[in-house]
Structures are given as C-alpha cells and as structure tokens.
Amino acid sequence: MKRKQLKFVVGSAVIVVTVAFLAFSGFTESMAYFQTVTELYAKKDSYYDKRLRVSGDVVPHTIVREGTAVKFDIQHEGNTMSVTYIGTDPLPDTFRDYATAVVDGKYGRDGLFTATGLQAKCASKYEKEAAAGAVTQNFGE
Amino acid sequence: MAQVGQFALALSVVVAAYSIVASLLGIRLKSDKLIASGRNAAIGVFACVTMSIVSLTYLFLIDDFSINYIAEHSNRDLPVYFKISAVWGGQEGSLLFWGWLLTVYSALVIFQNWRKHTAMMPYVTAVLMSSGLFFTAMNLFVVNPFNQVVVLQPGGVNALFVPQDGAGLNPLLQYILMVIHPPILYLGFVGFAVPFAFAIAAMASRQLGDTWIRTTRRWTMVAWFFLGTGILLGGKWAYVELGWGGFWGWDPVENASLMPWLIATAYLHSVMVQEKKGMMKVWNMVLIILTYVMCIFGTFLTRSGLVSSVHAFAQSPIGGYFLAFIVVGLSGSLYLLLDRLNYLKSDNQMESLVSRESSFMFNNLILLASCFAVFWGTIFPVISEAAPEWMGGGVKVTVGPPFFNRVNVPIAIFLLFLTGVGPLLAWRKASTNSLKRNFLWPAGIALASGVGLFFLGVDHFYAWLSLVMCIFVSLTIGREFYKGARARSVGSGENFVEAVVNLTLRNTRRYGGYIVHFGFVLLFLGWSGQAFTTDTQSETGIGETITMRQYTLRMDKLAIEEMPNYTTSKATISLFENGEKVGVLYPERRFYTSSGQPTTEVAIWSTLKEDLYVVFAGSAPDGKKAVMQVYLNPLVAWVWIGGIILGLGTLIAMLPNKKSAPRTSPVNRVEERREVEQHTT
C-alpha cells in the first residue's frame, strides 16, 4: 500500500471503530429478551431482573386504570401473566381486549410484570377470518 | 369488472415475461425487430396493469363486497377518497400499486431514452420488466386482489358469498396524510428501479462511462425526493395521529424506508466524484445496487411479518418469494459487477484528507455505517433466534430506540458538519489559506453562539452540538449565496434579490444543493428540540387546570357526541399563555362503530417555538374526569418547515441551468465560469 493511502485507511478505521463502539454500548444498554408468556414461564429463573419484552393477548375485561398506572392480564397458550403498566406514554389506541400486546419491563419474583413500555396490535386479520369460518380461494376456481 | 382486472393482470405477467425474453434475445441475435417488440411489450405491460388497477378502483367505488380484498378494506359509508386510498390500504392492493408505478416509470423511461441510448435501452427494458414480472406474478398467484369471498359450507363445499357491508378501513388510516403517504413512499421505492436498471444495463452493454449516471441523475433525484417526502409524511402522520408525542420510533417499518434513503443519499453524493474525477466507479455500482435491493428488502420487511411491528401488514406467505427475488437480484448484479471490474478502473487517486473527494468519502462511509447499524438493529430479533445455541442464539433478542439513537445521533451530527464543510473544500487538496478564508468566521461565530447557548440552559451535549453545527452550516451556506450574489450584482447591476435568484437558476445543482442542505439544518433544529421534551399526566375534571411552564389549560367541557361513523368523547380546553387566553383545544377519543377501534385525536397548539400536544388518554374510573396527557415539544414545527425547504431545494436542483443572461459583461462571464468550475458539485 502506498503511504498516501494510509491516512485514508486510518481515518476510515477511526470512524468504523467509533461507530462499532457506539453500537456495542447502545446494544448492551437496550437489549431485551423477546418472549411469549409461555416461553417466559418455561425458564422463569433465568429471566428475573433481566430486561424483557413479553408478548401475549390481552385477557378481556382485565384492563383496570389505577391512578396513572394501568393493570391488565395477558395470556399465551393458556398461560396468564399480570402486568402493571407504569410508563409515561399514553396507551396506544390499539390496546384493548383481545389485542396482542408487547410489554417492555421486568418480571418480578412475585410473578408480576412491571412494564414501562407497551405496544399493541389488533388481533390479526388471519385469526379473525379463521374465527368466522371464512376462507378465500383463488379467483375463478 | 373483476374478470377484466383479473384478465389484465394475467396478461401483464405473460407480456412482461415476453418483453424480457424478446429484449435479451434481440440483443443476442442483433435483431432490431425483436428489440423493438420487447420495448412495445413493456408499454403493453403498463397498459395491462393500468387496466387492472383501474378495475380494482372501480370495484371499490361500486362497493363490490363479493371481492374479498374490498370486503376487508372498505364499507358503504366510507367517503369516496378513502375508498380510492383503500386500493393501496392492504397487502394485495399495495403490491398491485407498487407494480403499477413500476410500469409507469418504465414506460416514461422508454419514451424518454429510447433514441438516445440504443445500446443500453434493451437491457434497461429487460431489468425493469424483471421487477415488473415479479410483482405482477406475485399479485396473480400469491396475493390476488380479485379473490372472491368464499364461505366453507357444512359438508366441505365452498360457496361464493357476498357480505352486506365491508369491514371498513382501519380508522388510523382514515386521515388525509395517510391517503398520500403510501403512494409517495412507493414512488420513491420504485423510482430507484430506474437508476438501478441503467447501472445494470451499463455493465451488461459495457458502456461504462458516466453516461448512465448523467442520464439517471434526475430520475435518482425524483426517487430520492419522493422517498424522503414519504418518510417525513409518515413521521407527520405518526405525530398527529398516533398520540405518543413523537414522530420517529425506530419501528421496523420506519427503518425499512430509512435504509434505502441512507444509501441513496450516499449514492447521490458519490456520483459527483465519478463525474468530476472518474473515481469511485465500482463503489457507485455497489451503492445503486444496494439502494434498490434495500427498497425491495424494505417492501419485504413490512409485508412478510418477519419482524413484529405495530404498523406492519399481517403475516403472509409472500416472504419466501421476496427473499428469493432479493437473493437472485443481488447475486446476479454482483456477479455482473465482478465480471466487469476491469472496465471500472479509477482514473485518479485520493490525495488529501482535506479535499472535496475525501469529504464525499467520509460522507459515504458514515451513511453506510448508519444504514448498517439500522439494518442489524432491525433484524437482530431474527438473527439472534436463528443463531445456533453455542453462539448464544436460540433466543429472540431485540434492541430498542437507545441503540439506534446511540449510533445515529453522533453520525447525523457529523454529517451535518460535513454538510457545512464539504461543498467549500477544493477538489484534490484544499489549501490552508482557503480553509481560513472559508471557515474562520463561520466557525468563530458558531462557537461564540455555542457559549451563549450553554448559558441559556442548553445543557444536553448532543442537542448543543447539533445547534452549534446548525449555526455554522447556516453561516457557510449564507456566505456562499452572499458572495455569489454580490459578485453578480456588481457586474450586472441587478439588485441583490434578483442576483440571488439568477445565481440559483444559473447553477441549479450547486445552489439547489445548498438549499437542500439548509433544509437539513432546519430538520436538525427540530430534532435538537426533542432533547427537551417534557410531559405531564393528570386526571382533570371540569373547571380544573393543568399548568406547564407559561401555559395553563382549563377544562371547560367534557361531552360525548354521536357521529355517523363513530362515537366520541370530546374535551373542550381553554388555553392560556401567561394568563392570557390564546385559544381553545378539542382533544378527542373516538370509538369507531364498524371496526370497534378507539382512536385518539390529538389537539396540537403549534408555534415556531414549541408545540403543546394534548392527548385525551382515557376516562378516570368514576367517569367524571378525563385523563389528559400533555407534552411540550420544543421546535417540532421546524422539522416540517425543514422538510418543505428540503423538497424545494431538491426540485430546484432538478431544473436545467438557465443560460447566461445577455446583460452579463464578457469579463464577468469568464469570471463566473471560473467560479462555477471551481465549485460545481
């Protein structure tokens, strides 16, 4: 390699290393294990006090507002978990009975999940259709 | 009418396939007739897909709920413009729309370039039609918008069924920005097919000068303009409609549109190095290939259900096909690139770290680093789950906004810095003298303002740095306009404003570029404000007040109103600033009857200084009080203003240069030409 090119290699390397370092520190700060309620229950011991994202369907009629906190249950394949949402953002519009919720937070040894983040998605179209017994077919068949 | 659409769609698949074969065979057999036939077929595909999408739109307008896609995405009461937007509101229709835009671009490109670039055009046609074939075939065989509603009867017999009414369009999408956001975003995504096709055609036909770059410069800018506008409109929609106080959340769907934009931005800059210095030829090929691949990948990401996202379409079977298309496209392009490496040798070498070309190189490097980080962060859940257990895999691991911000905020600020410095550096090597002349004053003033900002209470490091850079870059840009305009007005007698306008029109690429950069300065100003967002939540009854800094909100009325489409809880809030009444806000919480979906209607009091953002978050258990969430978001308005300036700058940069005015004296013209040569970017 010519000496002239060396400074570009060094300059680029500095940038790449800096970005890699930032990525690494951002990663350790915000990484979370993404589990369903069932998966979480299968390995409870290894997840206490770890940052978690847990998904499950909102159990109908369990959403209760207590001051600025919101309590509700989510379930996956029959496993139910109680959640207390203490986040500062308002609840998303899609959050309601039967919706699929993803909660960010920690799972306590008392079996309660404390969430600081909450996302929700309406039950998917596919499930709605399956429930209604309707299927679609290719046109003209 | 459904049969017409269906038939046109089927025909378009056949014709697109024929167009590819005829074009390639025509090149091989040197048959002008076959090549022309391939071209005509491509126009035919445009006609077929147009027919198909027109018939789908018609079916929406006449409420034909025997069509499954329409039954799921529309209902009788839906206003006409939402019925039209529902055409691209779901998986099937949006893919058809994607394919249609591609055929529109293809037809335009063919009309514009057929005579000019005889050697490349058959390849361009073949490449564009390969994408066309993929999308029309997906629509015909996998996600067909013309499928009928069928009910499984007892005894296992399927019967056709026509529902009385449709399920309705998702209320979150019943919003004017959501009508125009997807088409604009798609115009961006699809638009990159054009420079991509020319790049492949240039390699295939061994026409590897910079013709393909010059030919597609405006097309690339069109696509870049639409993609950027689409992303910003998406942010605006999230801000106004989703009610969480922000406009960007690093959701996979947002990332999907950001990634191609980042690479395309790198490409837009690095092509200048190839045009001026004949360098970075391989690099540009790589960038445009990656841009288009990322566009397809983004489309794939939002539709396959691969990563969970709030906005993504439901899980569907199209993922595998998309992945196959990406793999084939990427490996084909890279193979071609490796095969043509000999034709892509650089004419020059980088010499100095402080030069125009090196600033472009660093711009490229960090844009790509940013894209790379976003890419890994987005697909990390998939990777971590698929990785073998001895590597710590098998578990889904996600990363949140802190990861994306940690990487991208410093990158963005460094880019802003380059925005101010890069355009003023000389090619090859900038002299110490020119550095002093160009940057001493702007840097000095920016630093002095920085000290001032610190004492004004800007104590967030990145926000502070970003604001200092904003001042620095504004000064360098302002100085360029001032210098150029003064030189003009001295020579021609024009007044200063005339001189600025003429200056810009005479070298649109350079000055349009400055305006784009200034748009970014304003965007950064808006983003910096995000560091100082505050919010408060309280249960508020009638007559009670919420106070935030100089603002006081007084709850005057809480009412429930019945509307045709929905029921709404509506709060009437008087807004006082420093004790003086300035306005009335009406935050609402709606409940849509047909879909059973509640939505919040945010009330926003927007000024250039800050936005007061009021969300009706819910009702307290006793029903007499409302839970109000109030955000104070400084400087948000500048994000949208910056977006508009950015768009204007892009449009100006696309204009052809105005020829020299006769008033200009010959001496001055020589002077100017030298100036232009020095600075043309």
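1. A helix axis here is a line fitted to C-alpha atoms over the stretch in contact, and angles run from 0 to 180 degrees between N-to-C directions. This is a predicted model, in which local features need pLDDT of at least 70 and side-chain atom pairs count only at pLDDT 80 or more, while totals for chains, interfaces and linings use all residues. Residues are numbered from 1 along each chain as its sequence is written, and chains are lettered from A, with ligands numbered from 1, in the order in which they are written.

2. Let's begin with a helix pair in chain B. The axes of helix H18 (residues 508-529) and helix H19 (residues 637-654) of chain B come within 7 Å and cross at roughly 170°. H18(B) is therefore roughly antiparallel to H19(B) (angles under 35 degrees count as roughly parallel, over 145 as roughly antiparallel, 65 to 115 as roughly perpendicular and the rest as oblique). Their contact divides into 16 nonpolar, nine polar and one charged residue. Ala, Val, Leu, Ile, Met, Phe, Trp, Tyr, Cys and Pro count as nonpolar, Asp, Glu, Lys and Arg as charged, and the others, Gly among them, as polar.

3. A second pair is worth a look. Helix H8 (residues 193-204) and helix H12 (residues 319-339) of chain B have axes that come within 10 Å and cross at roughly 40°, so H8(B) is oblique to H12(B). On this contact, H8(B) supplies Ile200(B), Met203(B) and Ala204(B), and H12(B) supplies Ser333(B), Leu336(B) and Leu337(B) (residues are in contact if their C-beta atoms, placed from the backbone, lie within 7 Å). By class these are five nonpolar, one polar and no charged.

4. Now for the two chains together. Chain A gives 40 residues to the contact and chain B gives 50. On the side of chain A, helix H1 (3-30) is among the elements that give two or more residues, and H1(A) provides the largest share, 15 residues. That side of chain A has 17 nonpolar, 13 polar and 10 charged residues. Helices (H or I, at least four residues) and strands (E, at least two) are DSSP runs, numbered from the N terminus.

5. Strands also link the chains. E1(A) and strand E3 (residues 397-398) of chain B run antiparallel and are joined by two bridges (strands pair if DSSP finds at least two bridges between them). Here Tyr33(A) stands opposite Val397(B).

6. Finally, helix H16 (residues 461-492) of chain B has 32 residues and reaches 46 Å from its first C-alpha to its last, close to the 46 Å expected at 1.5 Å a residue (1.5 Å times one less than its number of residues). Just after H16(B), Gly493(B) takes a positive phi of about 80°.

Methods: Two residues are in contact if their C-beta atoms, placed from the backbone, lie within 7 Å.
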